[in-house]
Amino acid sequence: MKKMSAALFTTAVVAVLGFPGTATAAEPSTETQQNFGDISIMAHPTGCTYGKYTNGSSAECKQSNGGSYKAVVRCRTSDNTIITREPELWRTSGISYVFCPPMTFYESSGIKTKSTS
C-alpha cells in the first residue's frame, strides 16, 4: 500500500508541476505580433536649454525623442535654507516653468529629463 500511495503522490506532483526542464516558450502568433504595432526605442530629449525666468526657472527641449522634461529651480530662504521646486507635469514640447515660493530668492536653474513620456 505504501508503494501505491507514493506512486500516486509522485504522479499527482508531476501532473501539477510538470517535469523539470521541459517548459517551452511558444512563438507568438502573427496576430499577436500585429497587435503591438510599431515599437520604437525611447530616448532622452535633446537640444535642451534652461535658465532664470523672473523669480524662477524655464526649460525647453527642441526634440523630445519620445522622452519628457521639466524645469527645476533652487530657491533660498532668508535663513539660507535651500528649497528645490519642479512642476508636477512633464512636458514633451513647449516651455516648462517653475517659480520660487513667496519670501524666497532665486538661487539656480536646472532641468530634469526622462526617456519616457
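Biologist: Which backbone oxygen lies 3.2 Å from a polar atom of the side chain of Ser-109?

Modeller: The backbone oxygen of Gly-51. This is a predicted model, in which local features need pLDDT of at least 70 and side-chain atom pairs count only at pLDDT 80 or more, while totals for chains, interfaces and linings use all residues. Residues are numbered from 1 along each chain as its sequence is written, and side-chain values use heavy atoms, with hydrogens and water left out.

Biologist: What is a polar contact, and which side chain does Ser-109 join in one?

Modeller: A polar contact is a pair of N or O atoms within 3.5 Å; within protein, one must be able to donate a hydrogen and the other to accept it, and residues adjacent in sequence count only if both atoms are side-chain atoms. Here the side chain of Ser-109 makes such a contact, of 3.2 Å, with that of Ser-57.

Biologist: Where is Ser-109 placed, and is Ser-109 buried or exposed?

Modeller: Strands (E, at least two residues) and helices (H or I, at least four) are DSSP runs, numbered from the N terminus. Ser-109 belongs to strand S6. Buried means under 20% relative accessible area, exposed over 50%, and partly exposed in between (1.4 Å probe, protein chains only). Ser-109, at 19%, counts as buried. Contact means heavy atoms within 4.5 Å. Leaving aside neighbours within four places in sequence, Ser-109 has contacts that include Tyr-50, Lys-52 and Val-72.

Biologist: How many salt bridges are there?

Modeller: A salt bridge is a side-chain nitrogen of Lys or Arg within 4 Å of a carboxyl oxygen of Asp or Glu. The count by this rule is 3.

Biologist: Which residue forms a salt bridge with Lys-70?

Modeller: Glu-86, with the closest N and O atoms 2.9 Å apart. Lys-70 lies in strand S3 (residues 68-76) and Glu-86 in the loop between strand S4 (82-85) and strand S5 (96-99), so the pair ties together parts 16 residues apart in sequence. Lys-70 is buried at 5% relative accessible area, whereas Glu-86 is partly exposed at 31%.

Biologist: Which residues are linked with Glu-86 in a network of salt bridges?

Modeller: Lys-70 and Lys-112. The side chain of Lys-112 meets that of Glu-86 at 2.9 Å, N to O. This pair links distant parts of the chain, 26 residues apart, with Lys-112 in strand S6.

Biologist: Which side chain does Arg-76 meet in a salt bridge?

Modeller: That of Glu-107, at 2.9 Å from N to O. Arg-76 lies in strand S3 and Glu-107 in strand S6 (residues 105-114), so this pair ties together parts 31 residues apart in sequence. Arg-76 is partly exposed at 25%, and Glu-107 is partly exposed at 34%.
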